[in-house]
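Please look over the structure shown below before reading the notes that follow it.

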Amino acid sequence: MTTLRHLAGALALTFALACSASAQQFRPAPFRAVHYDVEATLHPNDQTISASAKVEFAAREGSRQVLVELHPDLHVNSVVGTDGKPLPFERDADTPLTLKVILTQSAELGQHITLTFNYVGPLDNDEDSPAKGIRFGALNRNGAYLLLPARWFPLTDFPSNRYTATFKIIAPETFAVIGTGKSSAPTVVPPTAPGAAGQVAYTFTCDREEPVGTFVAGNLQLSPVRGEGMEVSVFTPPTQTGTAAAYGQSLARIVEFYSSEFGPLADPHLTVAQVPDGTVQGFSAPGLLLISARQWTPKGNDRLLAQLAAGQWWGDVVTPATPSDAWISAGLARYSEALYVEQLDSVAGMHRALEDFAVGALMYEDVAPIAQAQRLQPYSEEWRSVVVNKGAMVFHMLRSTMGKDAFAALLREFYAKYNGKPATVGDFERLTETKVPPPAADRPAFNATAFFSQWLNSTGIPEFKMDYIVYRTAKGFKVVGKVLQDLETFRMPVEVRVDTEGNPEYKSILITGISSPFEIDTFGRPKPGGITLDPNNNLLKSSPRLRVRAAVARGESMAEQGKFYEAIQEYQRALDIQPNNSLAHFRMGEAMFFQKNLQAAANAFRSALDGDLDPSYKWVEVWSHLYLGKIFDVTGQRERAVNEYSRAQQIGDDTGGAQAEATKYIGKPYQGDNAGQTSK
């Protein structure tokens, strides 16, 4: 066993060193884009865009080769040089996202050149997306969205590059266009042919160097909202203007909080817009927050808003220097959400957020270390698990170890120092070392090098077990024991709480390696089972409960993609750990329902009702009865169906519109609907 453990450790070290070497091989392209003039026309009928992008580049070295990233499905008709003559170009055979242009002669270091790209094509092929399976751009008769990661215009150094730009978006007159930059009044574009539908041109000017170039178009209506001394522009479909005030006022409060915590934005005016489903749940661009229709709840979505708003500081103002540095933006934006929730809903709100982060981290934590984010597709489930959720937990552990005041000072200085600049993980580590306060007398010293090595450069999440004995002493009691976990290189101070017949007593112990002995002296007699490691859940750790939730979360993600067979396998993994888990039974029943395996689905919903019915998921009970009612309706058992709908009404929970659903099908039998839509 020891030999195998050492071998695993050696392999992990070799892997980490190889990944580190890979990260060091990152080399910027010979030319950096510094200014854009882009004109793009939306063609809803054939679901394509046609565009011309005039790009000013600055040479980083002497070279004839200009490399840009452009969506693989966009067909380039021509690339024209500064002299107006066409230049040869080609897609990279190994990475079709990369377009290579060859200049007539080599540019010198620091020289500026201008190229004009003319191209046309669709953007909504998930398989050809810059992140496979994730749609960053789409266009149809109902609207469009063009997110920067789609590379819908030629980019260099994504995601770190900053540039000035002017964008002209030409859209049907039935569309409103919202995007990054200062917008001018739209102008009417004369029809190209008699009887042709009218078009309108929207112009956006971006005078500050920022990662701009994100837009959404459609039947959207502006609702200005004022709160906390700032005005927020909220764009929704006309039928949802009543939700605008909730979003605008919530965002104003969030911006006020972050401004006091991190420092103010240069331009605090923000726009929130609803984007059609089919892309990421939310997206942050300079001055612009986009939230998918499914996440746009009537009462507002404080947590998602808080995460996206934090992206204005971490991601838009302070950008990651390379894809491998995404932790300092995506991870910190996610953790900032928890900081806002803490002041909004006290410690209880913070703990709920932290548990969500921990579950997300456990989903795919072992696929790569945080510092090797470039190995993962941005916005994929694996990337969100490693960079976003595990990354958020690392920031929380750092705050817990340093102390709230020192951590707050660290973030303020980090924001001030890298305002408008790219930053690396190493930059953050070095700044952290200057902000670590001296340890308290009864606590181990914080070792920043060991901390970042453990959590950023390695994979693995500990699962702790404790063995201990309580002795009586002349002055009270002594707890003697050891903490066991399976990560050989783990080293971190961890708090222990001892519940006694009097007040609880606390001590910080240093856990090093797979077995760490400890001794704790107490005045009062410890209660049976009263020794708790990490009582405030400040540490990212595994447990059977969290592993169950992580397996269910993986299944939910697969079900969202219509992969019900794979989802059922994940739910079964959860049930193998905890056979009476109501949430896992419910999700399995839901997947089987969409597969039309009604008998198996009914059995799963009954098991959900007979399971633990965790109060955190009260809605499982009401929706299990609703699904059983639907199954009985489909199988011709109307009386039994009405009984289930009535029981759902008696429960009273209205998550996901459950009560309206029950009332609807009591009045009229369920006859089937589209599969793939989960209840919550």
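The model is predicted. Its largest nonpolar core has 143 residues, and a second, separate core has 51 residues.

**Nonpolar cores**

- Within the largest nonpolar core, the residues with the most contacts inside it are Tyr258, Trp314, Trp327, Tyr335 and Phe428, while helix α4, covering residues 330–364, supplies the largest share of this core with 17 residues.
- The second core, which is separate, includes Leu70, Leu139, Phe153 and Val177 among its 51 residues.
- Leaving aside residues up to four places away in sequence, tryptophan 327 is in contact with Leu332, Ile370, Val387, Gly391, Val394, Phe395, Val425, Phe428, Phe452 and Leu456.
- As background, nonpolar side chains tend to be buried together in soluble globular proteins.

**Serine 336 in helix α4**

- Serine 336 belongs to helix α4 and counts as buried because its relative accessibility is 0%.
- When residues up to four places away in sequence are not counted, serine 336 touches Tyr258, Phe262, Ala310 and Trp314, and Tyr258 and Trp314 are among the residues with the most contacts inside the largest core.

**Packing around helix α13**

- Helix α11 (residues 582–594) and helix α13 (residues 619–634) have axes that come within 11 Å and cross at roughly 30 degrees, and therefore α11 is roughly parallel to α13.
- The crossing of α11 with α13 is left-handed, and the residues of α11 that take part in the contact include Leu583, Phe586, Phe593 and Phe594, which face a set in α13 that includes Trp619, Trp623, Tyr627 and Ile631.
- Helix α14 (residues 638–651) packs with α13 at an angle of about 165 degrees, the axes being 7 Å apart, so α13 is roughly antiparallel to α14.
- The crossing of α13 and α14 is also described as left-handed, and the contact includes Val622, Leu626 and Phe632 from α13 together with Ala641, Tyr645 and Ile651 from α14.

**Lysine 630**

- Lysine 630, a residue of helix α13, is among the residues that meet α11 and also among those that meet α14.
- Lysine 630 counts as buried because its relative accessible area is 4%, where the cut-off for buried is under 20%.
- The side chain of lysine 630 forms a polar contact of 2.8 Å with the side chain of glutamate 661, and, not counting residues up to four places away in sequence, lysine 630 touches Phe593, Tyr645, Glu661, Tyr665, Tyr670 and Asp673.

**Threonine 434**

- Threonine 434 lies in helix α7 (residues 425–435) and, at 57% relative accessibility, counts as exposed.
- A polar atom of the threonine 434 side chain lies 2.6 Å from the backbone oxygen of leucine 431, whereas the C-alpha atoms of threonine 434 and leucine 410, which are 24 residues apart along the chain, are separated by 8.8 Å.

**Backbone geometry**

- Most residues other than glycine have a negative phi, and most peptide bonds are trans.
- The peptide bond from phenylalanine 158 to proline 159 is cis, with omega near 10 degrees, and proline 159 sits in the loop between β9 and β10.
- Glutamine 47, in the loop between β1 and β2, has a positive phi near 60 degrees and is partly exposed at 36% relative accessibility.
- Tyrosine 379, in the loop between α4 and α5, has a positive phi of about 75 degrees and is partly exposed at 25% relative accessibility.

Technical notes
Residues numbered from 1 in each chain as written. Predicted model: local features only at pLDDT ≥ 70, side-chain atom pairs only at ≥ 80, totals over all residues. Heavy atoms only, no water. Core = buried A, V, L, I, M, F, W, Y, C linked by side-chain atoms within 4.5 Å. Buried < 20%, exposed > 50% of the residue type's maximum accessible area, 1.4 Å probe, protein only. Helix = DSSP H or I, 4+ residues; strand = E, 2+ residues; numbered from the N terminus. Contact = heavy atoms within 4.5 Å. Polar contact = N/O pair within 3.5 Å; in protein donor to acceptor, adjacent residues only side chain to side chain. Axes fitted to C-alpha atoms, helices over the stretch in contact; angles between N-to-C directions. Parallel < 35°, antiparallel > 145°, perpendicular 65-115°, else oblique. Left-handed = near helix turned anticlockwise from the far one by under 90°.
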